[in-house]
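User: I've got this one open on my screen and would like to go through it piece by piece. Shall we start with the rings?

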Amino acid sequence: METLLIAIFVIGYLAITLEHNLKIDKLIPALAMMAILWALMAFGIDGFTTWFDSGKHALMEGFSALGHEDKMHMLEETLLHHLGKTSEILVFLLGAMTIVEIIDYFDGFATIKTFVKTKSKKKILWIFAFLAFILSAIIDNLTATIVLISILQKIVKDRNVRIWYAGLIIIAANAGGAWSPIGDVTTTMLWIGNKVTTAKLIGYLLVPSLICMLVPTFIASFLPAFRGEIETEEGNGPKSKFGPTMLYLGLSAIVFVPVFKTITHLPPYVGMMLSLAVVATFAEIYSSSKIAISSVDPESDAESHHSPVHSALTKIELPSILFFLGILMAVAALESLGLLFNFAEGLKQNISLLGTETAGTEVSDLVVVILGIGSAVIDNVPLVAASLGMFSEPIDNPLWHFIAYSAGTGGSMLIIGSAAGVVAMGMEKIDFFWYLRKIAWLAFLGFITGAICFVIMRYFF
C-alpha cells in the first residue's frame, strides 16, 4: 500500500509540474492527489504498522496493536490536526492577500514608484533583492513575496522581464526568512520547539543567508534579462489621495503580525485577522467619503464600488489557495504514515555507514544538505518535523541552525518548493520548467555557497 501511495504522489506531482503541457490547472491534480491519498489510507488503515505523531514529532508506539476503530479514530484526529495546521497558513495567506488588494484598490503601490528613481534593470534588481531579504525577516517570506510582486507589477510592465525579477525575489525572500525566527514556518517550528534562540539564530545564519542572496543576485545582474532600462509610464504617483496612507497603514499592519504573535503567543493568522480588520475599517471610512478613486475597476459591480473590502476579496487568487490546500495535505498524508520520517532516518543511517565515528559532524552536515535539497521537492515543514525526531542535540547546537538554513533556502531550487515560490507562481503564472531552466541553477549556487559559508563559520564560533 505504501508503494501505491508514493506512486500516486509522484504521478500527482508530475501532473503539477506539467501543468502547461497538460493544459490542466495545477490545483486539480493537487486536490485529487490529496483526496485519493487520504481515501486509500482510510481503506487500508488495518494494514499499516507505523503512524507518525505530528504533535510529538516521533513515530507512535503500539500503533499496530490498535483495533480498527482506534486506528480510524487516530486517522481522523491526524487529518483534523493537519487540516488545522494547513488552514492556519491559508487563513494567514487570505488575510495578507486581502490587505495587499485593499492597498491596490486605493492605488497605494503607485507610491513606491516615486521612490524608485532609477530605470536601470540591474539597479532595480538589487533594490528588490535587498527589500525581499529584509522584509521577509520581518513579515515572513510569504507575505514579503506577495507585497513585492504587487509593487513590481506597478513598476515593470513587461511580464517577460517581471518573471525574472520574481524568480530572484523568491530566492532573496527565502534567504531572508531563514535567519529570522518569524521569517519562515520551519524556523518558527525550531524556535517554538526550543531548538534555537533568536540571538544565536541571527548570529549563525545572517551571513550565510546574506551570501545565499548575494551570489545569485550578483550573477543574475550580468544576465541579458537585466541589461538596459525598463519602460515606465507617465504619472507615477497614486491616483487616490488616500493611496500613501493606505500603503503605510497596510504595511504597518502586516509588520504588526509578528509583534502580536510575540506578545500573545497566538498563531500568526490571528494577528493577521486583526490587522485586516483595522485596514478594512479605514478603507471603508475612506471609501464612504465619496472621494473618486479611479483605480477601481469600472466593470466591477456597484457594491464593489462602495466597498473596497468586497472588491479586494473578488481579486484574491483562490486557485493558489486551493493548490496550497491540496499539496500540503497530500504531503501530510505521507508524513502521517511515517514515510518521510523513515526516509530521513534511513538516509542518516546509510550515510553514517560511509563515515566514521569521528566524522559525525560531517555526516550530519551531509544529511542536512540533502534534506535541504529534498525540501525543493517535498514541503520543508514535514522534513523539519522529521529532523526534530532524528536528532537529539541540545538547544542552539549548530546542527539546528544548519537545518533552519537548509530547509529555508533549499526550497528556492524549484518554484513549488517553498510558499514564496507557490504564491509567486500563482500571481505571475510562472511556468515550472521555465523556472527550472532559468532560476533553479542560481538558487542552487546560492544554497551551496551559503552552506559552505555556514560550515566555515562554525569552526570560528
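User: Which residues do ring pairs link into a cluster?
Analyst: First, a caveat: this is a predicted model, where local features need pLDDT of at least 70, side-chain atom pairs count only at pLDDT 80 or more, and totals for chains, interfaces and linings use all residues. Residues are numbered from 1 along each chain as its sequence is written, and side-chain values use heavy atoms, leaving out hydrogens and water. Rings of Phe, Tyr and Trp (its six-membered ring) pair if their centres lie within 6.5 Å; planes under 30 degrees apart count as stacked, over 60 as edge-to-face and the rest as tilted. Ring pairs then join up a cluster made of Tyr105, Phe106, Phe242, Phe282 and Tyr286.

User: How many aromatic pairs does the rule give, and why is the Tyr105 and Phe106 pair classed as it is?
Analyst: The rule gives a count of 17 aromatic pairs. For Tyr105 and Phe106, the ring centres sit 5.2 Å apart with planes at 70 degrees, so the pair is edge-to-face.

User: Are Tyr105 and Phe106 buried or exposed?
Analyst: Accessible areas come from the Shrake-Rupley method with a 1.4 Å probe, and for residues only the protein chains shown count as cover. Buried means under 20% relative accessible area, exposed over 50%, and partly exposed in between (1.4 Å probe, protein chains only). On that scale, both Tyr105 and Phe106 are buried.

User: How many salt bridges does a search of the whole structure find?
Analyst: Side chains of opposite charge can pair when their charged atoms come close. The rule used here asks for a side-chain nitrogen of Lys or Arg within 4 Å of a carboxyl oxygen of Asp or Glu. Searching the whole structure turns up two.

User: What does Lys154 meet in a salt bridge?
Analyst: The N to O distance for this bridge is 2.8 Å, and the partner of Lys154 is Asp104. The pair ties together distant parts of the chain, 50 residues apart, with Lys154 in helix H7 (residues 141-155) and its partner in helix H4. Helices here (H or I, at least four residues) and strands (E, at least two) are DSSP runs, numbered from the N terminus. Lys154 counts as partly exposed because its relative accessibility is 21%, and the residue it meets is Asp104.

User: Which residue forms a salt bridge with Arg162?
Analyst: The closest N and O atoms of this pair are 2.7 Å apart, and the partner is Glu428. The link spans 266 residues, from Arg162 in helix H8 (residues 159-178) to helix H20 (residues 419-428). Arg162 is buried because its relative accessible area is 11%. At 3%, buried as well, is Glu428.

User: What is the phi of Asp107?
Analyst: Most residues other than glycine have a negative phi, and most peptide bonds are trans. Asp107 sits in the loop between H4 and helix H5 (110-115), and is buried at 7% relative accessible area. Its phi is positive although it is not a glycine, at about 60 degrees.

User: And what about His265, buried or exposed?
Analyst: His265 also has a positive phi without being a glycine, near 65 degrees. You'll find His265 in the loop between helix H11 (243-264) and helix H12 (268-288). With 68% relative accessibility, His265 counts as exposed.

User: Which residues form the negative surface patch?
Analyst: Patches take residues with over 30% relative accessible area and no salt bridge, joining like charges within 9 Å and nonpolar side chains (Val, Leu, Ile, Met, Phe, Trp, Tyr) within 5 Å. Lys and Arg count as positive and Asp and Glu as negative, while His and the chain ends are not counted; a charge is placed at NZ of Lys, CZ of Arg, CG of Asp or CD of Glu. Glu76 lies in helix H4 (residues 68-105). The negative patch consists of Glu69, Asp70, Glu76 and Glu77.

User: Where does the largest share of the nonpolar patch come from?
Analyst: This patch covers about 560 Å² and is made by Ile6, Val10, Leu14, Leu18, Leu22, Ile24 and Ile28. Leu22 belongs to helix H2 (residues 19-22) and is partly exposed at 43% relative accessible area. The largest share, three residues, comes from helix H1 (residues 2-17).

User: How far apart in space are Ile327 and Ile16?
Analyst: Ile327 lies in helix H15 (residues 318-336) and is buried at 14% relative accessible area. In sequence, 311 residues separate Ile327 from Ile16, yet C-alpha to C-alpha the distance is 9.6 Å.
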